[in-house]
Amino acid sequence: LTSHPLLNYLSLRGYSEMARLSHKAVKEASVVHGEEIVHPNSVADRFIFLMNGRLKYSSDRSMDMEDMHEGMRFAEATLWLKWEYRGRLH
């Protein structure tokens, strides 16, 4: 998680700051192949760190698929804004 600049900053401030954030905001989830994680026009309710495996993202405006791999982040805007997903993550 500390690959993200804000989370890295919090971790450097001390264990208690990162522990408090992790306890309230971090959730681990596993998905099966082909499972849709987010879909277009749904309320963005999570910022996703891909810890291992691969996912595919397709925009509702394009037929192209973008590969996501370990270490990538998705929907960071949910930390700062009211947001809607604009594509599918599966």
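Start at histidine 39. Histidine 39 sits in the loop between α2 (15–25) and β1 (48–49). Keep in mind that this is a predicted model.

What does histidine 39 touch, leaving aside neighbours within four places in sequence? Tyr85, Gly87 and Arg88. Glutamate 84 is 45 residues from histidine 39 in sequence. In space, their C-alpha atoms are 9.2 Å apart.

Now the salt bridges. How many does a search of the whole structure find? Four. I'll take three of them, starting with arginine 88, one of the contacts of histidine 39.

The arginine 88 side chain meets that of glutamate 36 in a salt bridge, 2.9 Å from N to O. This pair links distant parts of the chain. Arginine 88 is in strand β5 (residues 87–89), glutamate 36 is in the loop between α2 and β1, and 52 residues separate them. Arginine 88 counts as partly exposed at 37% relative accessibility. Glutamate 36 is partly exposed too, with a relative accessible area of 37%.

Next pair: aspartate 67 and lysine 56. Their side chains form a salt bridge at 2.4 Å, N to O. Again, distant parts of the chain are linked. Aspartate 67 belongs to strand β3 (residues 65–69) and lysine 56 to strand β2 (residues 54–59), 11 residues apart. Aspartate 67 has a relative accessible area of 41%, so partly exposed. Lysine 56 is at 35%, also partly exposed.

Glutamate 84 is partly exposed at 34% relative accessibility. Arginine 86 is partly exposed at 40%. As background, side chains of opposite charge can pair when their charged atoms come close.

On to the core. Which residues make up the largest nonpolar core? There are 12, among them Ile37, Val38, Ile48, Leu55, Met68, Phe74 and Leu89. In general, nonpolar side chains tend to be buried together in soluble globular proteins.

Take leucine 89 as the way in. Beyond four places in sequence, leucine 89 contacts core members including Ile37, Val38, Ile48, Leu55, Tyr57, Met68 and Phe74. Leucine 89 also contacts Glu35, Glu36 and Lys56. Two of those names came up already: Glu36 pairs with arginine 88, and Lys56 pairs with aspartate 67.

Now threonine 78. Threonine 78 is in the loop between β4 (73–74) and β5. Buried or exposed? Buried, because its relative accessible area is 19% and the cut-off is under 20%. The threonine 78 side chain reaches the backbone oxygen of alanine 75 at 2.8 Å. Alanine 75 is itself listed in the largest nonpolar core. Not counting residues up to four places away, threonine 78 touches Ala44, Asp45, Arg46, Phe47 and Trp83.

Trp83 takes us to the surface. Leu6, Tyr9, Leu79, Trp80, Leu81 and Trp83 form a nonpolar patch there. Together they have about 630 Å² of accessible area. Tyrosine 9 comes from helix α1 (residues 5–13). At 47% relative accessibility, tyrosine 9 counts as partly exposed.

That's the tour. Over to you.

Definitions and conventions:
Residues numbered from 1 in each chain as written. Predicted model: local features only at pLDDT ≥ 70, side-chain atom pairs only at ≥ 80, totals over all residues. Heavy atoms only, no water. Core = buried A, V, L, I, M, F, W, Y, C linked by side-chain atoms within 4.5 Å. Buried < 20%, exposed > 50% of the residue type's maximum accessible area, 1.4 Å probe, protein only. Contact = heavy atoms within 4.5 Å. Helix = DSSP H or I, 4+ residues; strand = E, 2+ residues; numbered from the N terminus. Patch = residues over 30% accessible without salt bridge, like charges linked within 9 Å, V, L, I, M, F, W, Y side chains within 5 Å. Areas by Shrake-Rupley, 256 points an atom, 1.4 Å probe, with all protein chains shown as cover. Polar contact = N/O pair within 3.5 Å; in protein donor to acceptor, adjacent residues only side chain to side chain.
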